[in-house]
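Here are my notes on the model you sent over, as numbered points. Have the structure open while you read.

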Amino acid sequence: MFKINENYLKLPGSYLFSTIGKKVAAYQEKNPDRKIIRLGIGDVTQPLAPAVIEALHNAVDEMGDSATFHGYAPDLGYEFLRKAIAVNDYAQRGCDIQPDEIFVSDGAKCDSGNIQEIFSIDNKIAVCDPVYPVYVDTNVMAGRTGTYDSVKEMWSDVIYMPCTQENGFVPELPEAAPDIIYLCFPNNPTGSTITKSGLQAWVDYANRTGAVIIYDAAYEAYISEKDVPHSIYECEGARTCAIELRSFSKNAGFTGVRLGFTVVPRDLKAGDVPLHDLWARRHGTKYNGAPYIVQRAGEAVYSDAGKTQLKEQVAYYMKNAKIILEGLKKAGYSVSGGVNAPYIWLKTPGSMTSWEFFDHLLFKAGVVGTPGAGFGPSGEGYFRLTAFGSHENTIEAIERIKKLG
Ligand code: MLT
């Protein structure tokens, strides 16, 4: 008889955003006339930029002509896209990243889940708490996290690095020695970020202890303040200790188009084994590449027109962030984030747990957010709202929340 991967049975419940989706669907079914405003999952709402649409149309036409048709994409992704990324995201920020260190994929969620495969099961992971659930859940599936304590909602073999109001939502360097450190800045879910010197301390720590940092920079386009690094490779020594994950979902609205990339510098080695070779082997074996038309759309993100249009799109969402931040402050909530990130992190009122507040908001205001506890034990007592709604819906949601008193 075949055996299953029993690690899957250790996972508590369903994936956070599936649980929320089911709860909202059940409420909507019972209240079909209620207009629900969704500020829960970080999904964009604005249409693709005209420069992206034009590139998509052109690429579709190419695919319809035998002279310009494209089959399987090259393993690492098309060079036109990897070059555009290397120049715009890295060289222009003073980072030394070459096109052949960039692996194009269909998004940062898959990469952040899959990257752990190239590491031994014996590695100890450290995560921020609260944290994007994919990092932890995929390590659970791999059997790297030990046993689950359902009271504490913690795994025995995971190092949790609390990110709370007290430490400005930036974790302290861990005393226990992790092998793999997941960092995400600007942060999901707290919307906080890190200074360049703060991130440099992590890079130094990783190089000193022989740890690897998996740095998720999916939200870098939302950075508005100076001295906030857009890439970990802005830090000295990051080439020997860090992998960076990037996405086109949040900066260019590709959540339904799917495109991202992972950077594995050639200098990042375990002994004399470059991690680049392992990820290249994995990528080549398990993945057949993001579609040609999507990679052309990605290239358009870096065109002059694309850059201008997407800057406006980011500004649109950040205007929402400001409305949420200011509106909630006026209503007496304690809030943070929303300045360098599209997420606003608020303290739940009184002694309400984050899931109680989720129900309260859904039932009383018809607004969906994400309970902090869904991101880890230190998320309890907090709640996340996203700035990715439409402008009109964001204003209405905040008005409804204000009326709750
Ligand atoms: C979120 O809401 O945290 C994000 O949408 C998750 C993701 O990008 O996969």
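**Notes on the model**

1. The protein chain splits into domain 1 (7-47 + 305-404) and domain 2 (53-303), with bounds that come from an automatic or database domain assignment. Keep in mind that this is a predicted model: local features need pLDDT of at least 70, side-chain atom pairs count only at pLDDT 80 or more, and totals for chains, interfaces and linings use all residues. Residues are numbered from 1 along each chain as its sequence is written.

2. How far apart are the centres of domain 1 and domain 2? Taken over C-alpha atoms, the separation is 24 Å. Across the boundary, 36 residues of domain 1 are in contact with 43 residues of domain 2 (contact means C-beta atoms, placed from the backbone, within 7 Å). On the side of domain 1 that touches domain 2, the elements giving two or more residues are α1 (7-10), α11 (304-330), β13 (335-337) and β14 (343-347). Helices here are DSSP runs (H or I, at least four residues), as are strands (E, at least two), numbered from the N terminus. The biggest giver is α11, with 7 residues. That side of domain 1 divides into 18 nonpolar, 14 polar and 4 charged residues. For the classes, Ala, Val, Leu, Ile, Met, Phe, Trp, Tyr, Cys and Pro count as nonpolar, Asp, Glu, Lys and Arg as charged, and the others, Gly among them, as polar.

3. Now α11 itself. This helix has 27 residues and reaches 39 Å from its first C-alpha to its last, close to the 39 Å expected at 1.5 Å a residue (the expected span is 1.5 Å times one less than the number of residues). Its buried residues are G306, L310, V314, Y317, N320, A321, I324, L325 and L328. Buried means 20 or more other C-beta atoms within 10 Å of the residue's own, exposed means 12 or fewer, and partly exposed is in between, with C-beta atoms placed from the backbone. As a reminder, an α-helix has 3.6 residues a turn, so residues three or four places apart point the same way.

4. Just past the end of α11, G332 takes a positive phi of about 95 degrees. A331 sits in the loop between α11 and β13 and counts as partly exposed because it has 17 C-beta neighbours inside 10 Å. Beyond its neighbours within four places in sequence, A331 is in contact with I401 and K402.

5. Where does the ligand lie relative to the two domains? Both domain 1 and domain 2 give residues to the shell around the ligand, so it lies between them. The residues around the ligand are I41, G42, D43, K109, Y132, N188 and S249, a residue being near if its C-beta atom, placed from the backbone, lies within 6 Å. By class, the shell has 2 nonpolar, 3 polar and 2 charged residues.

6. Check the record against the model. The unreviewed UniProt entry has a "binding site" annotation that covers Y72, A108, K109, Y132, N188, Y219, S247, F248, S249, R258 and N288. Those positions span 217 residues in sequence, and the farthest two C-alpha atoms are 33.4 Å apart, so they do not all gather at one spot. UniProt positions follow the numbering used here, feature names are shortened, and annotations may be inferred rather than shown by experiment.

7. K250 carries the annotation "modified residue: N6-(pyridoxal phosphate)lysine" in the unreviewed UniProt entry. K250 is in helix α8 (residues 249-252) and is buried, with 27 other C-beta atoms within 10 Å. Leaving out residues up to four places away in sequence, K250 touches V44, A218, Y219, A221 and P342. Y219 is in the loop between β8 (212-216) and β9 (242-247), and is buried too, with 25 other C-beta atoms within 10 Å. Among the contacts of Y219 are P186 and N188.

8. Two cis peptide bonds deserve a look. One runs from F185 to P186, with omega near -10 degrees, and another joins N188 and P189, with omega about 15 degrees. P186 lies in the loop between β7 (180-184) and α7 (196-209), and P189 is in the loop between β7 and α7 as well.

Definitions and conventions: Two residues are in contact if their C-beta atoms, placed from the backbone, lie within 7 Å.
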